[in-house]
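Colleague: I'm new to reading structures. Could you walk me through one, feature by feature?

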Amino acid sequence: MATIPKMIEAYKTDPVHALTNKNLDSFEQIPDTHDWVQPNSFPSFTDQSNISDLSSDTDSVPLIDLSLPNAPKLIGNALRTWGVFQAINHGVPISVLNSMESLLNDLFDLPTPQKLKAARSRDGVNGYGRFRISTFFPKSMWSEGFTVSGSPLEHFQILWPHDCTKYCDIIEEYDREMKGLCGRVVWLALGELGITREDVNWAGPNGDFPTSSGVMNLNSYPVCPDPDRAMGIGVHTDSCFLTLLYQNNASGLQVLREGKRWVTVDPVPGALVVQVADLLQILTNGLYSSPFHQAVVNRDRKRLSVAYFFGPPVHAEISPIKKLVNPTQPLLYPTVTWAEYLCKKAELFNDTLPSIRLSTPPTESSDVNDHSQ
Ligand SMILES: O=C(O)CCC(=O)C(=O)O
Ligand SMILES: [Fe+2]
């Protein structure tokens, strides 16, 4: 798996040291450090259910069978309107997903002092810790995570001295499958916009993205005594090119629909959530949009997820594809590398895409950076 050595340099202040020695699921009340009071500045979809103009085709994230002949068209529609869909019949063996889920259970069930031995170092990428975006929020999130970029061997040897090969193999296989699926989905999605392999120079001669990078976030959202006052991961967009998310059968992921309401991505057994990320929005000149999303937590159900972040080589130049720029669709974004983009994102967070935008959007959407409420 390709590594991303210094790209997250700017996120170095990750507060892993602030994790307590106590498991989150042992709290009977939410400590003040994790009490968001009103985590959600947007109404939830259910709060809006009395609004009559919400037609039924807009109320749930599209579920697409990738084996169907019209899958490309459905993907194109989903990514234009939602920026996200759930994929079934995606070709990743269920055994790969099951093995990953058992790894997650084994990992997060370890006692916290043991997990902390594999904590991400201040200038490292890999290891146990909080979400990197935690620094942008005033309160701590009800979650713990483990990042894998390249080999997890060093940390897995600490966690599982006798079994680390078994767990490393699971990661390696998952990485291979996700990378293959990302390549497939990217071409189906770009093909719908008339984009070919020649248009994306970092795709390589066979279009199989030999130099792309993959980073995995293994996430756990423990049960929470008061889910309405807590947040698993705060609102954000992903900074890579495309994200594939696996979730266990506990719900929590929500995407922001039309800047107005949260829609829960209900778990579907064996499905993978496919999400546009910021660099794909740039490459498609805004035709596919990187959705704001967050994860809420549950009172009686632990939630597990794996986010696979697929990205270009860190120094490859990403710019809107020329054939998508014309008088009615003016150039919206400048050329950036992933490395440059991440530096900006570490400073401006959710304001990054609007701040680099070259033409003003017709209407400004809600201010998701306002955490004061
Ligand atoms: O766990 C989830 O559902 C979301 C995770 C996520 O958004 C992320 O890791 O960027
Ligand atoms: Fe995300």
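Modeller: Let's start with Thr284, which, leaving aside its neighbours within four places in sequence, is in contact (heavy atoms within 4.5 Å) with Leu190, Leu193 and Leu324. Keep in mind that this is a predicted model, where local features need pLDDT of at least 70, side-chain atom pairs count only at pLDDT 80 or more, and totals for chains, interfaces and linings use all residues. Residues are numbered from 1 along each chain as its sequence is written, chains are lettered from A and ligands numbered from 1 in the order in which they are written, and side-chain values use heavy atoms, with hydrogens and water left out.

Colleague: Where does Thr284 lie, and is it buried or exposed?

Modeller: Buried means under 20% relative accessible area, exposed over 50%, and partly exposed in between (1.4 Å probe, protein chains only). Thr284 has a relative accessible area of 0%, so it counts as buried. You'll find Thr284 in the loop between helix H6 (278-283) and strand E11 (293-295); helices (H or I, at least four residues) and strands (E, at least two) are DSSP runs, numbered from the N terminus. The Thr284 side chain also reaches the backbone nitrogen of Tyr288 at 3.2 Å.

Colleague: How do I read a helix? Which residues of H1 are buried?

Modeller: An α-helix has 3.6 residues a turn, so residues three or four places apart point the same way. In helix H1 (residues 71-81), the buried ones are Ala71, Ile75, Gly76, Ala78 and Leu79. They pack against strand E1 (63-65), strand E2 (84-88), helix H5 (164-191) and strand E10 (272-276). After H1 comes Gly83, whose phi is positive, near 80 degrees.

Colleague: And the ligand? Which residues come nearest to ligand 1?

Modeller: For a shell, we take residues with a heavy atom within 4 Å of the molecule. Of the 14 around ligand 1, Tyr221, His236, His293, Arg303 and Ser305 come nearest. An oxygen atom of ligand 1 is 2.5 Å from an N or O atom in the Tyr221 side chain, and one is 3.0 Å from an N or O atom in the side chain of His293. Taken alone, ligand 1 exposes 300 Å², and the protein buries 97% of that. Strand E5 (213-221), strand E6 (233-236) and strand E12 (303-311) each give two or more residues to the shell. E12 gives the most, with four residues.

Colleague: How many helices and strands are there in the protein?

Modeller: Eight helices and 14 strands. Of the 373 residues, 55% count as buried.

Terms used
Polar contact = N/O pair within 3.5 Å; in protein donor to acceptor, adjacent residues only side chain to side chain. Areas by Shrake-Rupley, 256 points an atom, 1.4 Å probe, with all protein chains shown as cover.
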